[in-house]
Amino acid sequence: MVTGGAGFIGSHVVRLFVNKYPGYLIVNADALTYAGNLENLKDVEQASNYRFERADITDAARIDALFEQYAFDAVIHLAAESHVDRSIIDPLAFVKTNVLGTATLLNSSRKYWAKTESKMEGKRFYHVSTDEVYGSLGEEGFFTEETSYDPRSPYSASKASSDHLVSAWYHTYGLPVVMSNCSNNYGSYHFPEKLIPLMINNIKNNKSLPVYGKGENVRDWLFVEDHARAIDVIFHKGKTGDKYNIGGFNEWTNIDLVHLLCKIMDSKLGRAEGTSAKLITYVTDRPGHDLRYAIDATKLNKELGWEPSLQFEEGLEKTVDWYLQNEDWVKHVTSGDYQHYYEEQYARR
Ligand code: NAD
Ligand code: TYD
């Protein structure tokens, strides 16, 4: 079972696993919130080793029933509320899905596997988490697997809680867990409320480009397909009970990144260089805005041999091309509730 498989990263994980492992039956369990879109998986929906089940991970009876129906021997858990700005507006939705939902999945997995003949043998619960649980860095240093948790936003606090629950189920019940904490992802099928797809969309439509504060915050960007490859490696080879940091060794201030996007878009759209950058607007900062994230992914590289495959400029250009070629997808996901949310957010700034 892959939870959250209709979302941004989940859809890349489902696609990779369905194509690479014809012998696995991949069941995508997703509630299809505003962020879940089955269009993301059009190319694999007919595959014989793929099923979709609409399910809310906080619904214990539904999750138990899915375990009975499919006898899962592994869970890759990605379902979450994932956007920091939304978590500031509606924190309880994050506590519900990210904390209660994770506890519900852990509990159903434990109960079901304890009933099987082989108990926990050969089973795996993989929890996908974020580097934001570590808090905010100053100008120096990196997050390692030993860095203390210090979450600052309702989103990161809810993810930190879920990480602790996973660890508790490992130590208390012997659930065979593995976990990873990844830096910011970018790529195709990224919901256009997050920085990179939002900027691409706004540049395309000549709308202003809202940069929070002074644009000096730093993020470490990783191409989403490289994250999916890391999940594949950790799922198959990671040590039970361990956690792995995943990152791109690729730090950018927001303002430099937005300028780079403007430059790429000017060239793709045949605009004179400097045209799109005129759309940049500095807006009120995000409350509690973490200054800098940077991952030390040495453990994953040394122990399991993973490294990012793409240079940032190359990945960014691929991403821009994808958004320009998939305008229908953008139109579909930016209709309805998202529009109201965007207008509210933007009007407030
Ligand atoms: P996303 O918001 O694009 O997708 C989340 C998916 O979860 C959607 O398909 C949604 O329908 C589903 N979902 C939400 N609530 C649910 C519920 N109660 N029951 C079942 N399904 C539900 O998120 P994403 O960016 O793909 O992130 C996936 C995971 O990776 C999350 O756990 C996130 O914390 C983690 N992560 C994300 C990033 C990033 O840069 N996006 C980085 C590191 C870790
Ligand atoms: P985001 O994509 O929301 O990811 P996260 O907050 O999880 O890192 O934001 C990335 C960075 O971009 C973050 O520092 C906030 C900033 N940002 C803007 O400046 N303007 C925007 O419109 C958005 C969505 C984000």
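Modeller: An oxygen atom of ligand 1 is 2.9 Å from a polar backbone atom of Leu 78, a polar contact being a pair of N or O atoms within 3.5 Å. At Asp 56, a polar side-chain atom lies 3.0 Å from a nitrogen atom of the ligand. Taken alone, ligand 1 exposes 840 Å², of which the protein buries 96%; these accessible areas come from the Shrake-Rupley method with a 1.4 Å probe.

This is a predicted model, in which local features need pLDDT of at least 70 and side-chain atom pairs count only at pLDDT 80 or more, while totals for chains, interfaces and linings use all residues. Residues are numbered from 1 along each chain as its sequence is written, chains are lettered from A and ligands numbered from 1 in the order in which they are written, and side-chain values use heavy atoms, with hydrogens and water left out.

The shell of ligand 1 holds 28 residues, each with a heavy atom within 4 Å of the ligand. Ile 9, Asp 30, Ser 82, Tyr 155 and Lys 159 are the closest. At least two residues each come from helix H1 (8-20), strand S5 (124-130), helix H5 (154-173) and strand S7 (184-186); helices (H or I, at least four residues) and strands (E, at least two) are DSSP runs, numbered from the N terminus. Strand S5 gives the most, with 3 residues.

Note on methods
A polar contact is a pair of N or O atoms within 3.5 Å; within protein, one must be able to donate a hydrogen and the other to accept it, and residues adjacent in sequence count only if both atoms are side-chain atoms.
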